[in-house]
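Dear colleague,

I am passing on to you the structure we spoke about, with the sequence alongside. Please look through it first; my notes on what was found follow below.

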Amino acid sequence: SAENSTACPANATICDGTSCVLPEDNFNQTLSVVLSTVLTIMLALVMFSMGCNVELKNFLGHIKRPWGIFVGFLCQFGIMPLTAFLLSLAFNILPIQAVVVLIMGCCPGGTASNVIAYWVDGDMDLSISMTTCSTLLAMGMMPLCLFIYTKMWTDSDAIVLPYNSIGLSLVALVIPVSIGIFVNYKWPSKAKIILKVGSIVGAVLIVLIAVVGGILYKGSWIISPKLWIIGTIFPAAGYSLGFFLARLAGLPWHRCRTVSLETGMQNTQLCSTIVQLSFTPEQLELMFTFPLIYSIFQLLFALLILGGYRLYRRRHVKTKTDVEKTAQKEDSKSSAIMNGGFVSDEMK
């Protein structure tokens with residue numbers, strides 16, 4: 001009809017009012033490849049700078065005595081898939097929509113958490129070791145979690161897991177971070193400069209990815225209001241539950257902030273890839289903007305956490321006096337003994 005032709009492009013494969021799924025054209029594909037290549041290179045440079053803040057002995061300490069990593073693992077592959085499952089049940093969404101929420105819940109942590117962890121004075125050694133371990137463990141944990149939780153909605157064989165994408169995420173994380181750790185070990189003064197530049201570039205990059213994704217994401221924003229609500233609640237629940245579980249496990253405050261960010265911040269690009277590989281255009285129309293909605297709200301809440309923390313620091317920690325540094329050191333040392341962790345150089 002005339003109405004549909006004005007609301008939807010003529011080449012749309014599916015039209016329902018203003019909601020359209022378009023066939024991929026070459027320009028879009030080329031643009032996608034160029035953008036993902038540029039973003040991957042920039043992200044690798046940011047991860048290199050984050051690696052410049054990692055002390056090798058502290059990083060290895062977390063690997064040898066992985067209490068913090070274990071708490072993070074419980075949050076990442078215990079709390080998040082369970083929260084996704086409960087939200088899907090509570091809102092009684094369509095089976096196909098429940099599956100995309102569960103895929104998001106089963107994804108490993110995203111690299112953006114490392115940048116935010118730096119800005120909230122988190123434990124960078126723990127943050128990077130958690131992101132690395134969750135991406136590595138995702139190879140086995142994602143199929144297991146999806147098999148357990150999606151049974152009532154779909155056959156788990158219908159979900160295609162792109163192991164090459166997970167592998168690429170791992171390589172793009174491990175190699176730059178390793179080079180950064182080496183630079184910090186060899187040239188600590190240069191590493192500090194690289195870190196300052198990289199943390200600012202990283203913060204800009206996170207916002208840029210969200211904005212670019214929002215503008216270039218072809219298709220409709222008119223999806224079920226229930227998915228909008230879940231997209232808002234889910235990251236907030238991840239941050240809150242991650243923080244409380246970490247505190248319950250006896251981790252010090254700076255590690256609680258780290259675990260909280262690692263739990264709530266998911267690898268949304270991986271979720272988008274899985275969704276696009278696994279479903280038909282008809283099914284995609286019902287939920288293909290959910291990963292983007294989640295990524296916008298996870299960023300929004302992360303910025304609120306960052307703002308709240310900075311405000312708290314300005315009011316309560318006006319200057320880093322020797323007394324405060326000693327108190328921090330004692331808190332960190334006592335928790336290190338209790339949790340088998342290590343004291344970062346910042347606390348010494």
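How many helices and how many strands are there in the chain? The chain has 15 helices and two strands, and please keep in mind throughout that this is a predicted model. Of the 348 residues in the chain, 47% are buried, and among the contacts with a separation of 6 or more, 81% are between residues 24 or more positions apart. The chain exposes about 16800 Å², of which carbon and sulfur atoms supply 69%.

In the largest nonpolar core, which has 42 residues, the members that touch the most other members are Val101, Ile103, Met142, Phe234, Val275 and Phe279. At least two residues of this core come from each of H4, H5, helix H7 (124-149), H10, helix H12 (268-278), H13 and H14, and the largest share, nine residues, is supplied by H5. If residues up to four places away in sequence are not counted, Phe279 touches Ile96, Val99, Ile103, Leu284 and Met287. There is also a second, separate core of 26 residues, which includes Leu39, Val46, Met47 and Leu195.

Helix H10 deserves a paragraph of its own. This helix covers residues 225-248, 24 residues in number, and reaches 34 Å from its first C-alpha to its last, which is close to the 34 Å expected at 1.5 Å a residue. Its buried residues are Leu227, Ile230, Gly231, Phe234, Pro235, Ala237, Gly238, Tyr239, Gly242 and Ala246. The buried residues of H10 pack against helix H4 (67-90), helix H5 (95-106), helix H11 (253-264), helix H13 (281-287) and helix H14 (290-316). Just after H10, Gly250 takes a positive phi of about 85 degrees.

Turning to charged pairs, the count of salt bridges comes to two. In one of them Asp121 pairs with Arg313, the closest N and O atoms being 2.4 Å apart. Asp121 lies in the loop between helix H6 (112-119) and H7, whereas Arg313 is in helix H14, so the pair ties together parts that are 192 residues apart in sequence. The two partners fall on either side of the 20% limit for burial, because Asp121 has a relative accessible area of 18% and is buried, while Arg313, at 22% relative accessibility, counts as partly exposed. The side chains of Asp123 and Arg255 also meet in a salt bridge, at 2.8 Å from N to O. Here too distant parts of the chain are linked, with Asp123 in the loop between H6 and H7 and Arg255 in helix H11, 132 residues apart; Asp123 and Arg255 are both buried.

Helix H3 (56-64) and helix H8 (163-186) each supply at least two residues of the patch. Phe182, whose place is in helix H8, is partly exposed, with a relative accessible area of 42%.

With best wishes

Notes. Residues are numbered from 1 along each chain as its sequence is written. This is a predicted model: local features need pLDDT of at least 70, side-chain atom pairs count only at pLDDT 80 or more; totals for chains, interfaces and linings use all residues. Side-chain values use heavy atoms; hydrogens and water are left out. Helices (H or I, at least four residues) and strands (E, at least two) are DSSP runs, numbered from the N terminus. The expected span of a helix is 1.5 Å times one less than its number of residues. Buried means under 20% relative accessible area, exposed over 50%, partly exposed in between (1.4 Å probe, protein chains only). Contact means heavy atoms within 4.5 Å. A nonpolar core is a set of buried Ala, Val, Leu, Ile, Met, Phe, Trp, Tyr and Cys residues joined through side-chain atoms within 4.5 Å. Accessible areas come from the Shrake-Rupley method with a 1.4 Å probe; for residues, only the protein chains shown count as cover. A salt bridge is a side-chain nitrogen of Lys or Arg within 4 Å of a carboxyl oxygen of Asp or Glu.
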